[in-house]
There are 4 protein chains.
Amino acid sequence: MIDDLIARVNNWGRWGDGDQIGTLNYITPVAVAAAAALVSRGVIVALGEPLDHKNGPQKTAPRRYNPIHFIDELPVDNRLPGEVGVADDVMLLPLQATSQWDSLAHVSFRGRIYGDHSETMVTSHGAQINGIREIAGKVAGRGLLADFPQELGVDHLDEGYAITADDLDRNLAARGITPRSGDLLLVRTGFMQHCRARDWEGYHGDMPGLGLSTIDWLHDHEIAAVATDTASLEVKPFDAEGIGVPFHAVAIVHMGLLLGEIFDLEELSRECAADGTYEFLLVAPPLPVTGGIGSPVNAYALK
Amino acid sequence: MIDDLIARVNNWGRWGDGDQIGTLNYITPVAVAAAAALVSRGVIVALGEPLDHKNGPQKTAPRRYNPIHFIDELPVDNRLPGEVGVADDVMLLPLQATSQWDSLAHVSFRGRIYGDHSETMVTSHGAQINGIREIAGKVAGRGLLADFPQELGVDHLDEGYAITADDLDRNLAARGITPRSGDLLLVRTGFMQHCRARDWEGYHGDMPGLGLSTIDWLHDHEIAAVATDTASLEVKPFDAEGIGVPFHAVAIVHMGLLLGEIFDLEELSRECAADGTYEFLLVAPPLPVTGGIGSPVNAYALK
Amino acid sequence: MIDDLIARVNNWGRWGDGDQIGTLNYITPVAVAAAAALVSRGVIVALGEPLDHKNGPQKTAPRRYNPIHFIDELPVDNRLPGEVGVADDVMLLPLQATSQWDSLAHVSFRGRIYGDHSETMVTSHGAQINGIREIAGKVAGRGLLADFPQELGVDHLDEGYAITADDLDRNLAARGITPRSGDLLLVRTGFMQHCRARDWEGYHGDMPGLGLSTIDWLHDHEIAAVATDTASLEVKPFDAEGIGVPFHAVAIVHMGLLLGEIFDLEELSRECAADGTYEFLLVAPPLPVTGGIGSPVNAYALK
Amino acid sequence: MIDDLIARVNNWGRWGDGDQIGTLNYITPVAVAAAAALVSRGVIVALGEPLDHKNGPQKTAPRRYNPIHFIDELPVDNRLPGEVGVADDVMLLPLQATSQWDSLAHVSFRGRIYGDHSETMVTSHGAQINGIREIAGKVAGRGLLADFPQELGVDHLDEGYAITADDLDRNLAARGITPRSGDLLLVRTGFMQHCRARDWEGYHGDMPGLGLSTIDWLHDHEIAAVATDTASLEVKPFDAEGIGVPFHAVAIVHMGLLLGEIFDLEELSRECAADGTYEFLLVAPPLPVTGGIGSPVNAYALK
C-alpha cells in the first residue's frame with residue numbers, strides 16, 4: 001500500500017536533480033504577495049512555544065530533552081568603563097525539541113533521503129545535503145488554519161484519531177477556504193494545550209494527527225508545508241503496518257514536504273475565531289544552521 | 001553630556017511601570033497592516049547569517065565563539081521498523097553570536113536596567129525581567145534600509161566612522177522615505193561583507209556604526225528597533241569618553257530600544273537597488289527563550 | 001545549636017589567610033607514604049559511577065541531569081590519508097551529576113564561603129577563590145571504608161537514618177581501625193545499589209547519611225575528606241531545624257572539609273569483606289577546572 | 001613497511017576475542033603492588049593541565065576547542081532555608097581537548113578498530129565497543145619518566161624530532177631503569193612548556209614525538225600505556241609516507257595500546273631530578289563515560 005502511495009506522490013527529480021527544497025518550490029512570488037495582501041487588522045500572532053528547560057514540551061519525552069539555558073556572564077561580572085555591565089547567555093538547543101521545522105535530511109527510508117540521495121549524506125559533520133540552511137530563506141506564504149476542536153466543539157481530538165482528507169476538505173470548506181498551490185497548512189488538534197495543562201503528561205504517547213490518507217490530498221493541492229500542535233505531526237499509533245513514522249517517511253523522503261511540529265496554535269485559534277478568517281500571512285523562518293537537521297521556529301501569523 | 005542625552009530620551013515609565021518591551025510599543029496594528037501593504041513583488045530576503053562553527057562571524061572574536069553543532073543521532077543509528085531512520089541534532093548556541101536581537105536585559109548602566117530595575121534582576125537563572133521572551137511576539141513592521149555604501153558608492157564605511165543623524169536624514173530622504181513611528185531601521189555599513197571576505201579579520205575591532213548623535217534622532221522618530229551588519233551596532237572606538245558601549249547603555253537601558261547586530265544586508269541591498277524601494281515588511285521573530293538575554297534571528301524582509 | 005557546633009569546628013584562618021584547601025592540609029607526605037604501604041594485593045577498585053545520560057544517577061533528580069554525550073566526529077567522517085579514521089567526542093557535563101567532589105566554593109552560609117570570603121567571589125565567571133582547581137593535586141591518602149550494611153547485615157541503611165559519631169566509632173573499631181589525621185573516609189550506606197536497582201527511584205528523596213553529630217568526630221579526628229554512596233552525603237530529612245543542607249553548610253563553609261557524593265562503593269565493599277581490610281590507598285584526583293565548583297572523580301582504591 | 005610492523009606487533013585475539021582493554025592486560029596485581037612500593041617520600045605530582053576555556057592547550061588548535069565552563073547557579077540564586085546558598089556548574093567538555101587518554105575506539109585503520117571490529121561499531125550513539133568505560137578501572141601501575149630535555153640539557157626536543165627506540169633505551173638506562181611488562185611510560189619532550197609560554201603558539205603544528213621505530217620497543221617491553229606532553233604523542237611531520245597518524249593507527253588499532261596526550265610533566269621532571277628517581281606509582285583514572293572515545297585525566301604520580 002505504502003509503495004502505491006509513494007508512486008503517486010514522489011517528487012524526486014520534479015524540480016531538477018539538485019533540488020533541496022522540495023515542496024517549498026510551490027511558493028511563488030505571486031503567492032507571497034497575495035498572502036501579504038491578507039493582512040488587514042495588523043495583528044501578529046506568534047506560534048513559538050517557549051524554550052524552557054523546566055517546563056518545555058520535552059518534559060515527558062522518552063529521549064529528547066528541553067533546551068538548557070546558561071547565563072554566560074552577568075552584568076556585574078562583565079564590566080566596562082562607566083559602570084556599564086553586559087550579560088551574555090548560551091543555550092544547549094536540541095533542534096527538534098521545541099516549535100520546529102524538520103529539514104529534508106531528518107528522515108531516511110530504505111536508505112534514501114529526499115532526492116534519492118543516500119542517507120549516508122547525513123554525517124557526524126551534519127547534513128551534507130537537504131539541510132535546514134537550504135530552506136532558511138524560503139518559508140513565508142499564505143497560511144491556513146484547520147482548527148478541528150473549534151469546528152467540532154471539542155477540547156481536542158482524541159489520541160489515535162487519524163485526520164483524513166475528508167476532514168481537511170470539510171473543515172476548510174466550512175471556512176470558505178480553497179487550498180492553493182504553495183499554501184502553508186497549520187492543523188490544530190488541541191492536543192498541545194490539553195497536555196500542557198497536565199504538565200505535558202501524555203504529549204509523546206498516542207496522539208491525534210495527520211493520517212496517511214491526507215498525503216494524497218497534500219500532494220494534489222500542492223501544499224508547501226504542514227505543521228501541527230503535536231509532537232509528531234502524524235497520528236500515533238501509526239496507521240500503517242510494520243513501519244515507523246510512515247507519514248514522515250513518505251512526506252519528507254518522497255515528497256520533500258516541510259513538516260512542522262509543536263506549533264502553539266492556541267492564540268491563533270482565538271484570533272481566527274474572532275475575525276472569522278482562517279487564512280493569513282505566515283512567516284516562519286528557520287535558522288540557517290549549516291548542516292542542520294532541523295530548526296526551532298517562532299512563526300508569525302499576520303492577520 | 002551623556003546625562004543630558006539620557007534626560008532627553010529616557011522612556012522609563014512611559015508605557016507603564018510593568019513595561020518590558022520598550023520601543024516596540026511604537027508598533028501598532030495600523031503600522032503592521034501598512035507595512036504588509038508594501039509587499040508587491042513577493043520577494044523574500046532572509047537576513048540571517050549562517051550558524052556555522054568554523055566560518056561564522058565570531059571566528060575572530062576575543063571572547064564569544066560560534067555555535068557548535070552536534071549530530072545527536074544518525075539515521076543509521078536510530079532505526080524504526082520498515083527501514084526508517086531518524087536524525088536529530090543539537091546546537092550549543094551562544095545567543096549573541098550570530099544575527100541576533102539584544103533583549104532589554106542585555107546591558108546595565110550604573111546598576112540599572114530598562115525600567116529602572118536593578119541589574120541583579122539578571123541572575124544565573126536568567127533574566128527575571130526584560131528577557132527576550134517578553135518581546136518574542138512583537139517584532140514585525142515596516143522595515144527601512146539605510147544603505148550607506150550604496151548611497152556613497154563605497155565598499156564600506158570606514159572603521160571608526162560614526163554615522164550621524166544628518167547621515168540618516170540625507171540617506172533616507174534620497175530614497176524618498178520619511179520615518180514613521182514604529183519603523184524598524186536597518187543600517188548597512190558594508191563592513192560585514194568586507195570582513196567576511198577576509199575570513200572575518202577585523203570584524204570585532206574598530207568598526208563603523210551608529211554614533212551617539214543618532215540617539216535623539218531615533219527617539220524623536222519613534223523608531224522601534226534598529227539593526228546593523230556590524231558586530232556591535234555602535235561605532236568603535238566609542239564616541240564618548242570613559243564609558244563602554246555608550247550607545248547600548250543609553251539606547252537599551254534608558255530608551256528600551258531593540259538593537260540587532262550581525263544582520264546580513266547584502267542581498268537586501270541588491271534587491272532594494274533593483275526595485276528602487278528601501279521600505280518593506282520586516283518580520284524578525286526572536287525565539288521565546290525563557291529568561292533569555294538575546295536570541296538569534298533570521299529576519300525576513302518581504303518586498 | 002548550629003552556632004555552637006560552628007564555634008567548635010571552624011577552621012577559618014587555621015592554615016593561613018590565603019588557604020583554599022581546608023582539611024586537605026591534614027594530608028602530609030608521611031601520611032601518603034604510609035597509605036601507599038597498605039597496598040599488598042595489587043587490586044584496583046574504581047569508585048566512579050558511569051557517566052551515562054540515560055541511566056545515570058540524576059535520572060530521578062528534580063533539577064540536575066545526567067551528562068549528555070555527543071559524538072563529534074565518526075571515523076568515517078574524519079579521514080586521514082591511508083584509510084585512517086579518527087573519532088572525537090564531547091560531553092555536556094554537569095559537574096555535580098556523577099561521582100564527584102564538591103569544591104569549597106560549592107556552598108555558602110550566611111553570605112560567606114570557606115575562609116570567611118564573600119559568596120560573591122563565586123561569579124558567573126566561576127569561583128574566584130576556593131575552586132576545584134586549587135585542590136586538584138591534593139587528593140590521595142589513606143582511605144577508610146565504614147561499611148554499615150556489611151556490618152549490620154542489612155541491604156541498606158533506612159531513609160532518614162542519621163549516622164552518628166558512635167556509629168563511626170563502633171564500625172571502625174570492629175575492623176580494628178583507628179582514624180588518623182589526614183584520612184579519607186568513605187561511608188557506605190548501601191542506598192546507591194538499592195536505588196540503582198530500582199532505576200534510581202527515590203535516590204534524591206529521603207536518604208540515609210551523615211548526621212550533624214558526626215561533624216565533631218570528623219573535626220576531632222582531622223579527617224581530610226569524606227564521601228558516601230548517596231546523592232547528598234548528609235541525611236535527609238536534614239537533622240537541623242530551619243536550615244537546608246546543614247552538614248554541608250558547616251562542613252564545607254566552616255571546616256573546609258572536602259565532601260564527595262555518589263561514590264560507587266559496592267565492589268570496594270566486596271573486596272574489603274574478602275580480605276578483611278578496610279583501609280587502603282585512595283587516589284581520587286579532581287579535574288583541574290579553572291573556577292570549577294566541583295569535579296567528577298573516578299577514585300581508585302588500591303589494596 | 002607499515003604492514004610488516006603491524007604483523008610484528010598485532011595483538012588482535014591475544015587476550016581473547018572479547019578483549020577491549022588491549023595492553024592494559026599487561027598490568028597485573030603483582031605489578032600494581034610493586035609500583036605502590038615505590039612510594040617513599042609521599043609526594044603527589046598531578047599531571048593534569050587545567051581545563052580552561054581561554055588559556056587551554058586548544059587555543060591554537062585548528063579544529064578542537066577548549067572546554068567551556070558555565071556557572072549553572074550562583075549561591076545567591078539557589079537559596080535554601082537558613083541563608084544557605086548552593087552553586088552548581090556545567091562544562092562543555094571535548095573529551096580530547098586536555099590531558100587525556102584515547103580509548104581504543106579513537107582511531108580506525110582500513111575500516112577496522114582494535115580487535116578486528118568494524119569501525120562502524122563507533123556510532124552516533126557512542127563507541128559500542130572499545131569505549132573508554134571499558135578501561136576506566138584499569139590505569140594504575142609503575143610509571144616511568146623518560147625526560148629527554150633533562151637528559152640532553154635542552155629546553156625541548158625540536159619540532160619534527162622522532163624519538164627512537166635507542167633514545168628510549170639510552171635515556172632509561174642512564175636512570176638505571178629496566179622496563180618491565182605493564183609499565184606506564186611518560187615521555188617528556190619539553191614541547192608543552194615551550195609552547196604554553198608562547199600562548200600555545202605552534203603546539204598543534206610540527207612537534208617532537210614518538211617515532212614509528214619505538215613501536216617494536218613498546219611491544220617487546222610490553223608497555224601498558226604511553227603518554228607525552230605533546231598534542232599528538234607521535235612526531236609531526238609523520239614518519240611514514242601516505243598515512244596520517246601512523247603511530248596511532250598501529251598502536252591503537254593493532255596493539256590496543258593506551259595513548260595519552262597533553263600530560264603536564266614539568267613538575268614531575270623537577271621532582272624526579274630532585275630525588276634522582278624516574279619510576280613511581282602512577283594512578284591515572286579515566287572517567288567511565290558510557291560509549292566514550294576518550295577521557296580527560298588528571299593523573300597522579302606518587303613518589
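Mentor: Helices here are DSSP runs of H or I, at least four residues, and strands are runs of E, at least two, numbered from the N terminus.

Trainee: Before we go on, what are the ground rules?
Mentor: This is a predicted model, where local features need pLDDT of at least 70, side-chain atom pairs count only at pLDDT 80 or more, and totals for chains, interfaces and linings use all residues. Residues are numbered from 1 along each chain as its sequence is written, chains are lettered from A and ligands numbered from 1 in the order in which they are written, and side-chain values use heavy atoms, with hydrogens and water left out.

Trainee: Which residues of α4 in chain B are buried?
Mentor: In α4, residues 165–174 of chain B, these are B:A165, B:D167, B:L168, B:N171 and B:L172. Buried means under 20% relative accessible area; partly exposed lies between that and the exposed cut-off.

Trainee: Why do they sit on the same side of α4(B)?
Mentor: Because they cover an arc of only 155 degrees around the axis. The arc is taken from the directions from the helix axis to the C-beta atoms. An α-helix has 3.6 residues a turn, so residues three or four places apart point the same way.

Trainee: What do the buried residues of α4(B) pack against?
Mentor: Five elements of chain B: β12 (140–147), α3 (148–152), β13 (162–163), β14 (184–188) and α6 (213–220). Contact means heavy atoms within 4.5 Å.

Trainee: And what follows α4(B)?
Mentor: B:G176, with a positive phi near 75 degrees.

Trainee: New topic. Where is B:T228?
Mentor: In strand β16 of chain B, residues 225–228.

Trainee: Buried or exposed?
Mentor: B:T228 counts as buried, because its relative accessibility is 1%.

Trainee: What does B:T228 touch?
Mentor: Leaving aside neighbours within four places in sequence, B:T228 is in contact with B:V187, B:L233, B:G260, B:E261, B:I262, B:F263 and B:L265.

Trainee: Now the interfaces. How many residues make the contact of chain A and chain B?
Mentor: 84 from chain A and 84 from chain B. The area buried between them is about 6400 Å², and carbon and sulfur atoms give 61% of that. Buried area is the accessible area (1.4 Å probe) that two parts lose on being put together, summed over both.

Trainee: How many salt bridges there?
Mentor: The rule finds 10 across the interface of chain A and chain B. One is between the side chains of A:D88 and B:R63, at 3.5 Å, N to O. A salt bridge needs a side-chain nitrogen of Lys or Arg within 4 Å of a carboxyl oxygen of Asp or Glu.

Trainee: And chain C with chain D?
Mentor: That contact takes 85 residues from chain C and 84 from chain D. C:D89, C:L287 and C:Y300 supply 8% of the area that chain C buries against chain D, more than any other three residues. The count between these chains is 10 salt bridges. One of them joins the side chains of C:R79 and D:E119, at 2.6 Å, N to O.

Technical notes. Buried < 20%, exposed > 50% of the residue type's maximum accessible area, 1.4 Å probe, protein only.
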